[in-house]
Amino acid sequence: MWIPSNRGFRGIRFSASAYCQLKSYVSTCRAVLLPSFGGPEMLQLHHNVEVPPLKPHQVLVRARAVSINPLDTRMRSGYGRSIFERLLPLILGRDVSGEVAAVGASVKSVSVGEEVFGALHPTAVRGTYTDYAILSEDEVTLKPSSLSHLDFFFLFSKILQEASAIPFAALTAWRALKSTARISEGQRILVVGGGGAVGVAAIQLAVAAGCSVVTTCGSQSIDRMLGAGAEQAVDYVAEDVELAIKGKFDAVLDTIGVPETERMGINFLKRGGHYMTLQGEAASLADRYGLTIGLPAATVVLLTKHNLYRYSHGIEYSWTYMRADLDGLIEIRKLCEAGKMKVPVDKTFPITQVKEAHEAKDKKLIPGKVVLELD
């Protein structure tokens with residue numbers, strides 16, 4: 001089994017006390033490896049996984065909490081196989097919160113010992129289900145500050161759990177609403193499928209920008225959506241969504257991305273509006289036909305839909321994905337500190353129970369965010 005090697009920490013800056021700690025145990029660490037695609041039983045916790053050397057722009061984070069995203073369970077099952085199969089074993093995970101253990105020579109924004117949170121790009125091979133995660137400087141920033149009047153140790157654990165649940169989902173929503181649609185005060189936003197982490201983050205981002213938000217969700221999420229700031233939350237099972245929602249929207253973020261929600265979302269848009277779906281077809285087409293055929297085919301599909309809807313409805317159509325955006329991450333942190341951004345954590349598991357955590361998500365036993373704790 002191939003595991004990334006470590007040939008030393010060239011170009012790393014750290015304090016004298018941090019040096020002693022690094023020298024004693026950072027060359028290897030625990031990590032959850034995925035040697036082949038399949039169910040939760042494929043996940044393996046290893047105790048001596050080597051830590052790769054840091055590049056000048058990278059940050060080594062001592063992980064305290066990492067969240068489970070839908071992308072993790074999909075990748076474990078084989079989504080993105082055409083890209084990742086030759087790179088097995090993988091380390092899953094995108095979000096992380098913890099402390100900076102070391103920084104590359106060119107890193108200026110964070111320092112050893114600081115508490116941070118961040119998220120890796122969707123195509124990262126070495127993820128965050130590990131004691132020591134490696135992120136680029138633009139993928140990590142200081143975590144939201146704590147409240148000093150609460151019990152420190154309880155708060156420290158809880159803040160890290162909540163911080164790990166935020167970055168990937170919030171940056172995905174940020175990419176859609178801020179980078180693509182460029183939402184502004186006074187606009188109307190529709191979030192299709194607001195009950196997930198991306199949907200909750202999108203509602204809060206839009207509300208903070210001065211927009212009015214309508215969302216669809218399951219009955220169990222209605223109160224949570226209204227609490228997040230949505231003006232209307234429509235139960236898509238019990239209600240006829242197209243009758244319950246009135247008026248047109250400047251932007252639609254579709255977290256479900258099936259043909260019916262795509263049709264509905266596009267019909268709800270004003271001319272000049274933006275329809276954005278999280279369910280782009282690049283990876284699925286590449287898995288089906290291979291990279292050589294699948295990626296060009298995905299480009300054709302996207303361009304065809306983009307041109308079709310621009311001509312027929314006068315709207316912009318796009319697939320949206322998370323990307324590193326330090327400015328976005330910093331603003332997300334500020335929203336968290338101001339009490340305007342929160343992704344609730346429904347349950348935590350120790351990293352030793354990662355299989356059970358994935359199984360619970362697969363069986364939809366836990367509707368909200370699940371976090372893995374690393375002691």
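**Exercise 1. The chain as a whole**

What share of the contacts in the protein chain with a separation of 6 or more is accounted for by residues 24 or more positions apart? State also how many helices and strands the chain has.

*Solution.* The model under study is a predicted one. Residues 24 or more positions apart account for 69% of the contacts with a separation of 6 or more. The protein chain has 13 helices and 16 strands. Of its 375 residues, 52% count as buried.

**Exercise 2. Helix H13 and the residues after it**

Determine which residues of helix H13 are buried, and describe how they are arranged about the helix axis.

*Solution.* Step 1. Helix H13 covers residues 354-362, and its buried residues are Val354, Ala357, His358 and Ala360.

Step 1. Viewed down the axis of H13, these buried residues fall within an arc of 160°, and therefore they line one face of the helix.

Step 2. The elements against which they pack are strands S2 (28-33), S4 (58-68), S15 (345-350) and S16 (369-373), together with helix H2 (70-77).

Step 3. Glu359 and Lys363 form a salt bridge whose closest N and O atoms are 2.9 Å apart. Glu359 is partly exposed at 36% relative accessibility, whereas Lys363 is exposed, with a relative accessible area of 52%.

Step 4. Lys364 follows H13 and lies in the loop between H13 and S16. Its phi is positive, about 60°, although Lys364 is not a glycine. With a relative accessible area of 70%, Lys364 is exposed.

**Exercise 3. Helices H5 and H6**

*Solution.* Step 1. The axes of H5 and helix H6 (residues 197-208) come within 8 Å and cross at roughly 55°.

Step 1. The crossing of H5 past H6 is right-handed.

Step 2. The loop between H5 and strand S9 (188-192) holds Arg182. Arg182 has a phi near 50°, a positive value in a residue other than glycine, and it is exposed at 62% relative accessibility.

**Exercise 4. Salt bridges between helices**

How many salt bridges does the structure hold?

*Solution.* Step 1. The structure holds 16 salt bridges.

Step 1. Since Glu242 lies in helix H8 (residues 241-244) and Arg263 in helix H9 (residues 259-267), the pair ties together parts that are 21 residues apart in sequence. Glu242 is partly exposed, with a relative accessible area of 35%, and Arg263 is partly exposed at 34% relative accessibility.

Step 2. A network of salt bridges links Arg30, Arg62 and Asp131.

**Exercise 5. Ser164 and its surroundings**

Is Ser164 buried or exposed, and which residues is it in contact with, leaving aside its neighbours within four places in sequence?

*Solution.* Step 1. Ser164 is found in helix H4 (residues 152-164).

Step 1. The cut-off for a buried residue is a relative accessible area under 20%. Ser164 has a value of 0% and is buried.

Step 2. With neighbours within four places in sequence left aside, Ser164 is in contact with Ala65, Val66, Ser67, Asp95, Val96, Ser97 and Val371.

**Exercise 6. A cis peptide bond**

Which two residues does a cis peptide bond join, and where is the place of Pro89?

*Solution.* Step 1. The cis peptide bond joins Leu88 and Pro89, with omega about 5°.

Step 1. Pro89 is located in the loop between helix H3 (81-84) and strand S5 (95-104).

Methods
Residues numbered from 1 in each chain as written. Predicted model: local features only at pLDDT ≥ 70, side-chain atom pairs only at ≥ 80, totals over all residues. Heavy atoms only, no water. Buried < 20%, exposed > 50% of the residue type's maximum accessible area, 1.4 Å probe, protein only. Helix = DSSP H or I, 4+ residues; strand = E, 2+ residues; numbered from the N terminus. Arc of directions from axis to C-beta. Contact = heavy atoms within 4.5 Å. Salt bridge = Lys/Arg side-chain N within 4 Å of Asp/Glu carboxyl O. Axes fitted to C-alpha atoms, helices over the stretch in contact; angles between N-to-C directions. Left-handed = near helix turned anticlockwise from the far one by under 90°.
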